Amino acid sequence: MSFRARLGLSLLIGLAGCSAWQQPPLPVADQVELAWLRSLDHWRLHGRIGVRGEEDSWHGGVRWDYRKGHDRLVVSGPFGQGGAVIEVWPNWIRIEGADGRIQVSSRPEQLLEQVLGVAVPLPLLHCWVRGLPASGAAKVEYDAGGRLRRLRQKGWEIEYLEYRAVGDGVLPVKLVLSGPLDVRLKLIVDRWEIEVDSGHA
């Protein structure tokens with residue numbers, strides 16, 4: 001059975017999470033690449049994002065710092081073009097606008113939708129932007145190099161249009177995410193910065 005077939009089978013059975021995914025035995029090279037992706041528990045991306053919702057759309061810049069259990073995004077463009085700093089922990093979110101107004105909530109996705117104008121699955125995005133499925137069943141398609149080309153999960157479809165070598169691995173740099181109610185997000189990553197614990201860099 002090919003690498004892609006084994007991955008697809010395990011995904012259809014169900015996943016425990018993008019960082020705890022238990023896959024069938026893989027060729028050594030594929031195991032190394034997958035292990036590297038899963039080891040990325042501290043990374044930063046700099047890029048551009050475009051969001052189109054049912055009643056609203058905007059585009060701007062984004063700097064996203066991720067550490068396990070904490071996301072910090074600096075977004076420019078929305079919020080009256082002033083931007084905002086968004087920090088998310090499990091079951092907690094804090095948004096500070098350029099005018100100094102601070103909003104907090106124990107329901108991160110609900111407040112994020114209220115502020116951004118579209119529903120954004122932030123808890124899943126930190127897996128998807130790395131080219132990994134999040135927890136739960138998924139349908140996947142791979143390119144000739146064995147990397148995700150299309151992922152369907154939790155009502156969203158993610159198209160991976162471009163990858164780039166980063167450190168010892170390869171990460172997506174161009175993604176289009178299509179979700180419920182015709183929500184569409186386009187993310188272009190200009191630069192990845194990564195820190196891993198296993199000796200990769």
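Glu141 has Arg150, in strand β8, as its bridge partner. The model is predicted: local features need pLDDT of at least 70, side-chain atom pairs count only at pLDDT 80 or more, and totals for chains, interfaces and linings use all residues. Residues are numbered from 1 along each chain as its sequence is written, and side-chain values use heavy atoms, with hydrogens and water left out. The protein chain contains four helices and eleven strands; these are DSSP runs numbered from the N terminus, helices being H or I with at least four residues and strands E with at least two.

- Strand β7 (residues 139-142) pairs with strand β8 (residues 148-153) in the antiparallel sense over four bridges; strands pair if DSSP finds at least two bridges between them.
- Five residues separate β7 and β8 in a hairpin, and Gly146 in the turn has a positive phi of about 85°.
- Strands β8 and β9 also pair in the antiparallel sense, over four bridges, and Leu151 stands opposite Ile158 in β9.
- The hairpin of β8 and β9 has two residues between the strands, and Lys154 in its turn has a positive phi of about 55°.

**Gln153 and burial**

- Gln153 is found in strand β8 and is buried, with a relative accessible area of 2%.
- Buried means under 20% relative accessible area, exposed over 50%, and partly exposed in between (1.4 Å probe, protein chains only).
- Leaving aside neighbours within four places in sequence, Gln153 is in contact with Trp128, Pro133, Ala134, Ser135, Gly136, Ala137 and Ala138; contact means heavy atoms within 4.5 Å.
- Of the 201 residues in the protein chain, 47% are buried.
- Among contacts in the protein chain with a separation of 6 or more, 38% come from residues 24 or more positions apart.

**Aromatic pairs**

- The count comes to five aromatic pairs, where rings of Phe, Tyr and Trp (its six-membered ring) pair if their centres lie within 6.5 Å; planes under 30 degrees apart count as stacked, over 60 as edge-to-face and the rest as tilted.
- Trp128 and Trp156 form a tilted pair, 6.4 Å centre to centre with 50° between the planes.
- Trp128 lies in helix α4 (residues 122-128) and Trp156 in strand β9 (residues 156-166), so this pair ties together parts that are 28 residues apart in sequence.
- Both Trp128 and Trp156 are buried.
- Tyr160 and Tyr163 form a stacked pair, 6.1 Å centre to centre with 20° between the planes, and both tyrosines are buried.
- One aromatic cluster is formed by Trp43, Trp64, Tyr66 and Trp192.

**Nonpolar core**

- The largest nonpolar core has 53 residues, of which Trp43, Trp64, Trp128 and Trp192 touch the most other members.
- Such a core is a set of buried Ala, Val, Leu, Ile, Met, Phe, Trp, Tyr and Cys residues joined through side-chain atoms within 4.5 Å.

- A search of the whole structure finds one cavity of 30 Å³ or more, and about 230 Å³ of space lies in the largest cavity.
- The largest cavity is lined by 18 residues, of which the closest to its centre are Ile49, Leu73, Val120, Leu125 and Leu185.
- On a 1 Å grid over the protein atoms alone, a cavity is a set of points where a 1.4 Å probe fits but cannot get out, and lining residues have an atom within 4 Å of a point.
- Grid points are joined across faces, edges and corners, and a volume is the space filled by probe spheres set on the points.
- β1 (42-52), β2 (57-67), β3 (70-75), α3 (108-116), α4 and β11 (184-195) each supply at least two residues of the lining of the largest cavity.

Terms used: 1 Å grid on protein atoms, 1.4 Å probe; cavity = no way out; pocket = protein on both sides within 12 Å on 5 of 7 lines; lining within 4 Å.
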